[in-house]
Amino acid sequence: MITCKDILKLNLDGVELIAGEEGLSNVVSWTYLCQTRPYADHMSRGNFTLIVVDFLRFDFPELIKTSHELFDLGISGLGISVIEDKEKIPQELIDWANEVHLPLFYVRWEGASFVDIDQSIGNLLVADELKIKKTGDYLYNLLFGYDINSRYIEKISAQFGLDFTKPYRVGIIVVDRTYGMNLETDEHNYEYYANCLNHDVEKMECHPLFMKFLNKFVLLFEAKSDKSAEKEIETVLQKLDSLPRFKGLFRSTCILGSASTNPADFSKSYQQAKNLIPKKDCLPRSKNKKVISASVMGLYKFMFNSGNQGEILEYCTEKLRPLEEYDHANGTELVETCWAYYLNGFSIADTADDLFIHRNTLQYRLKKIEELVSFPLSDYVELLDLINCIYVKRMMYV
């Protein structure tokens, strides 16, 4: 992906970086010529913003105010030109750009025009899109092509430096999104998130193939015995989701299929990961997990692969019937309370906090559960069986 560092490397005449060097890795989505408010209606996250200080619409106090506003909207960099180079950029703005790691470029009035900058960045983005498409096409053919012959394997190995004598596995990155009032803005934010994700994946030491496919992101990477690639993916996703411009808007999870040294089996790895997607939110502590594989299902995966799902479901339904019928008749949440009690280590305080209820309310619910299931919750053998039934039913119904 294109970053502010790539803009600096263009060495455009009259364009100079004057602050924010630590932010040169910011991903650039496009350019935006700042003119009139409201800026949020015209620009997108990741835009490289250009401002002319003409002392009419923009003087230096207005420039500083606008820079702060644009930064809050998620710009990747800022290029400033002062009409006829009348005055220097205020030190206050330079210090602030260094503080927030926002690349700040000075564009000399008699140097490169904004048109030159826009066209140069556009050319970089188009070339990068072609590169991404090429990689995506190779990966798509590898996963879904009908004839993965040795000739194609040799070609893709040489193209991307892959060694298929080693095991590889497929990961599908699923992004949960929070939508706002403006659908167009939401889509721009998502595209920028995807660009940043692609940029971070490209820098990973395991050098995975990467493509966007059906609103998901697919990786193919070498599965090392020390799980270093999986740990690296987790680190990348944790860091990306915690960035101020994305926090609360996106939450990504990478779901993994099994590893294989046979490229013809990579499609099976993809299907395994795909089949786990609907179940990811049913897994205990799923919101705290960034990387999930079929192994986290433990012995449950054997239940779902066997032919006795009907018997299992019947047993679980019968076991939970008293609680489910009571919840249905009274509008209560005893099943959910039981599950939360388990997830919080059977702690009264933590469970009450998790459910946003008073401890006395929780105590009442637990006593009602004991009354309905006819065993004390201190009987951990019976309680574990009850928890297993909740878990199995949730997994079967997604």
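This is a predicted model: local features need pLDDT of at least 70, side-chain atom pairs count only at pLDDT 80 or more; totals for chains, interfaces and linings use all residues.
Visitor: How are H2 and H3 oriented to each other, roughly parallel or roughly antiparallel?
Guide: Helix H2 spans residues 60-72 and helix H3 spans residues 91-100, and their axes come within 10 Å. The axes cross at roughly 15 degrees, and H2 passes H3 in a right-handed crossing. Angles under 35 degrees count as roughly parallel. H2 and H3 are therefore roughly parallel.

Visitor: Is H10 roughly parallel or oblique to H13?
Guide: The axes of helix H10 (residues 309-330) and helix H13 (residues 359-373) come within 8 Å and cross at roughly 125 degrees. That angle makes the relation of H10 to H13 oblique.

Visitor: How many charged residues are in the contact of H10 with H13?
Guide: H10 passes H13 in a right-handed crossing. Pro322, Leu323 and Tyr326 in H10 meet Tyr364, Lys368, Ile369, Leu372 and Val373 in H13. By class, seven residues of this contact are nonpolar, no residues are polar, and the number charged is one.

Visitor: Does H4 pass H5 in a left-handed or a right-handed crossing?
Guide: Helix H4 covers residues 114-144 and helix H5 covers residues 150-160. Their axes come within 11 Å and cross at roughly 145 degrees. The crossing of H4 past H5 is left-handed.

Visitor: How many polar residues has the contact of H4 with H5?
Guide: From H4 come Lys134, Thr135, Asp137, Tyr138, Asn141 and Leu142, and from H5 come Tyr152, Ile153, Lys155, Ile156, Gln159 and Phe160. By class, six of the contact residues are nonpolar and three are charged, and the number of polar residues is three.

Visitor: Which helix gives the most to the lining of the largest pocket?
Guide: The largest pocket holds about 620 Å³ of space. Its lining has 24 residues, of which Ser25, Asn26, Leu243, Pro244 and Arg245 lie nearest the centre. H2, helix H6 (183-202) and helix H7 (228-242) each supply at least two lining residues. With four residues, the helix that gives the most is H7.

Visitor: How many residues in the lining of the largest pocket are nonpolar?
Guide: In the lining of the largest pocket, seven residues are polar and seven are charged. The nonpolar residues number ten.

Visitor: How much space lies in the largest cavity?
Guide: The count of cavities of 30 Å³ or more comes to one. Arg177, Thr178, Tyr179, Asp186, Asn189 and Phe250 line the largest cavity, and by class its lining has two nonpolar, two polar and two charged residues. The space in the largest cavity is about 40 Å³.

Visitor: Is the peptide bond from Arg37 to Pro38 cis or trans?
Guide: Pro38 sits in the loop between strand S2 (30-33) and strand S3 (47-53). Most peptide bonds are trans. The bond from Arg37 to Pro38 has omega near -5 degrees and is cis.

Visitor: What is the phi of Phe55?
Guide: Phe55 lies in the loop between S3 and H2. Most residues other than glycine have a negative phi. Phe55 is not a glycine, yet its phi is positive, at about 65 degrees.

Terms used
Residues are numbered from 1 along each chain as its sequence is written. Side-chain values use heavy atoms; hydrogens and water are left out. Axes are lines fitted to C-alpha atoms, for helices over the stretch in contact, and angles run from 0 to 180 degrees between N-to-C directions. Angles under 35 degrees count as roughly parallel, over 145 as roughly antiparallel, 65 to 115 as roughly perpendicular and the rest as oblique. A crossing is left-handed if the near helix is turned anticlockwise from the far one by less than a right angle, and right-handed if clockwise. On a 1 Å grid over the protein atoms alone, a cavity is a set of points where a 1.4 Å probe fits but cannot get out, and a pocket is an open set with protein on both sides within 12 Å along at least five of seven lines; lining residues have an atom within 4 Å of a point. Grid points are joined across faces, edges and corners, and a volume is the space filled by probe spheres set on the points. Ala, Val, Leu, Ile, Met, Phe, Trp, Tyr, Cys and Pro count as nonpolar, Asp, Glu, Lys and Arg as charged, and the others, Gly among them, as polar. Contact means heavy atoms within 4.5 Å.
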